[in-house]
Amino acid sequence: MDAYTVAIARATERVVKARELWGHTTVRRNIRPDLIAALRGMAPGYELCMYCGNNEAMDIDHFEPLSLAPQRTFDWQNHLYACSMCNSHHKRNSFPYDENGRPLLIDPTVQEPLEHLHLVLGAGEYTHRTPQGEASIKVFGLNRRSLVQGRLLAYSTARDSLTLWRIHTDKGQYENARVTVRTAWNRPLADVLASMFHQSVLPVAAALFDGEDDVLGLLRDPELRARFLDQE
């Protein structure tokens with residue numbers, strides 16, 4: 001990959017060279033499979049998209065698009081595992097910058113998305129906390145209908161998982177409790193569960209979980225938090 005990066009840097013038409021090399025038979029056969037294998041191990045759940053966390057990932061996405069940064073075509077840190085909906089339909093070649101030339105999209109491999117995004121649990125929609133959050137919602141289509149509906153279901157399922165863990169633990173069924181934790185984090189849209197834990201310790205948590213004192217109590221349970229967050 002380093003050799004290909006050097007070849008692109010030496011080319012007069014870097015975008016053309018990058019496209020040529022990325023599509024080369026040798027790359028498709030000998031490099032992309034290894035990249036996919038590595039990215040699969042980093043993807044959430046069972047090989048889910050690193051952007052939406054809902055669909056099966058199948059594409060190697062260049063976080064900073066090849067058309068804008070050809071020299072990063074073979075840069076390992078520029079590769080993300082994404083579903084075709086996020087990669088080819090929504091993001092495509094979009095990569096906005098702020099007025100200082102810094103990327104506005106959240107890179108989920110090095111940044112904590114919840115520092116930039118707030119999930120309205122009862123609505124299943126994200127609002128932004130920072131300009132990066134705002135740009136990411138727009139570019140990745142994070143509030144598209146299917147994701148919003150999926151998050152509402154995921155919220156209900158996450159609440160059930162917390163209750164089930166408590167029941168198993170109280171009965172001494174510790175293996176069942178561990179399976180409950182593992183299953184909860186491997187489901188699609190596990191960002192909902194992460195948001196629940198994150199919001200439960202905020203000063204305004206009582207308002208955010210209005211009418212759901214039982215859920216808030218579970219999320220604040222020291223033992224439950226330790227077990228669940230250890231597997232995040």
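Reader: Which residues do ring pairs link into a cluster?

Author: This is a predicted model. A pair of aromatic rings is described by the distance of the centres and the angle of the planes. Ring pairs join four residues into a cluster here: Trp165, Trp185, Phe197 and Phe228.

Reader: How many aromatic pairs are there by this rule?

Author: Rings pair if their centres lie within 6.5 Å. By this rule the count is eight aromatic pairs.

Reader: Is the pair of tyrosine 4 and phenylalanine 74 stacked or edge-to-face?

Author: The ring centres of tyrosine 4 and phenylalanine 74 are 4.9 Å apart, with 25° between the planes. Planes under 30 degrees apart count as stacked. So, with an angle of 25° against that cut-off, the pair is stacked.

Reader: How many residues apart are tyrosine 4 and phenylalanine 74?

Author: Tyrosine 4 is in helix H1, residues 2-10. Phenylalanine 74 is in the loop between strand E1 (59-62) and strand E2 (79-82). The pair links distant parts of the chain, and the separation is 70 residues.

Reader: What kind of aromatic pair do tryptophan 22 and phenylalanine 74 form?

Author: Their centres lie 5.5 Å apart, and the planes make an angle of 65°. Planes over 60 degrees apart count as edge-to-face. Tryptophan 22 and phenylalanine 74 are therefore a pair that is edge-to-face.

Reader: Where is tryptophan 22?

Author: Tryptophan 22 and phenylalanine 74 are both buried. Phenylalanine 74 is in the loop between E1 and E2, 52 residues from tryptophan 22. Tryptophan 22 itself is in helix H2, residues 14-22.

Reader: Which ring does the charged end of arginine 159 sit over?

Author: The charged end lies 4.4 Å from the ring centre. A charge sits over a ring only if it is within 6 Å of that centre and within 35 degrees of the ring normal. The ring under arginine 159 is that of tyrosine 155.

Reader: Which element gives the most to the lining of the largest pocket?

Author: About 870 Å³ of space lies in the largest pocket. Helix H6 (131-140), helix H8 (174-186) and helix H9 (191-200) are the elements that give two or more residues to its lining. The top contributor gives four residues, and that element is H8.

Reader: How many nonpolar residues are in the lining of the largest pocket?

Author: The lining has 32 residues, with Pro44, Met50, Pro108, Pro113 and Asp191 nearest the pocket centre. Six of the lining residues are polar and six are charged. The nonpolar count is 20.

Reader: Is leucine 189 buried or exposed?

Author: Most residues other than glycine have a negative phi, and most peptide bonds are trans. Leucine 189 has a positive phi, near 60°. Leucine 189 is in the loop between H8 and H9. With a relative accessible area of 4%, leucine 189 is buried.

Reader: And arginine 92: buried or exposed?

Author: Arginine 92 has a positive phi of about 50°, although it is not a glycine. Its place is the loop between helix H5 (84-91) and strand E3 (117-120). Exposed means over 50%, so arginine 92, at 55% relative accessibility, counts as exposed.

Key:
Residues are numbered from 1 along each chain as its sequence is written. This is a predicted model: local features need pLDDT of at least 70, side-chain atom pairs count only at pLDDT 80 or more; totals for chains, interfaces and linings use all residues. Side-chain values use heavy atoms; hydrogens and water are left out. On a 1 Å grid over the protein atoms alone, a cavity is a set of points where a 1.4 Å probe fits but cannot get out, and a pocket is an open set with protein on both sides within 12 Å along at least five of seven lines; lining residues have an atom within 4 Å of a point. Grid points are joined across faces, edges and corners, and a volume is the space filled by probe spheres set on the points. Ala, Val, Leu, Ile, Met, Phe, Trp, Tyr, Cys and Pro count as nonpolar, Asp, Glu, Lys and Arg as charged, and the others, Gly among them, as polar. Rings of Phe, Tyr and Trp (its six-membered ring) pair if their centres lie within 6.5 Å; planes under 30 degrees apart count as stacked, over 60 as edge-to-face and the rest as tilted. Buried means under 20% relative accessible area, exposed over 50%, partly exposed in between (1.4 Å probe, protein chains only).
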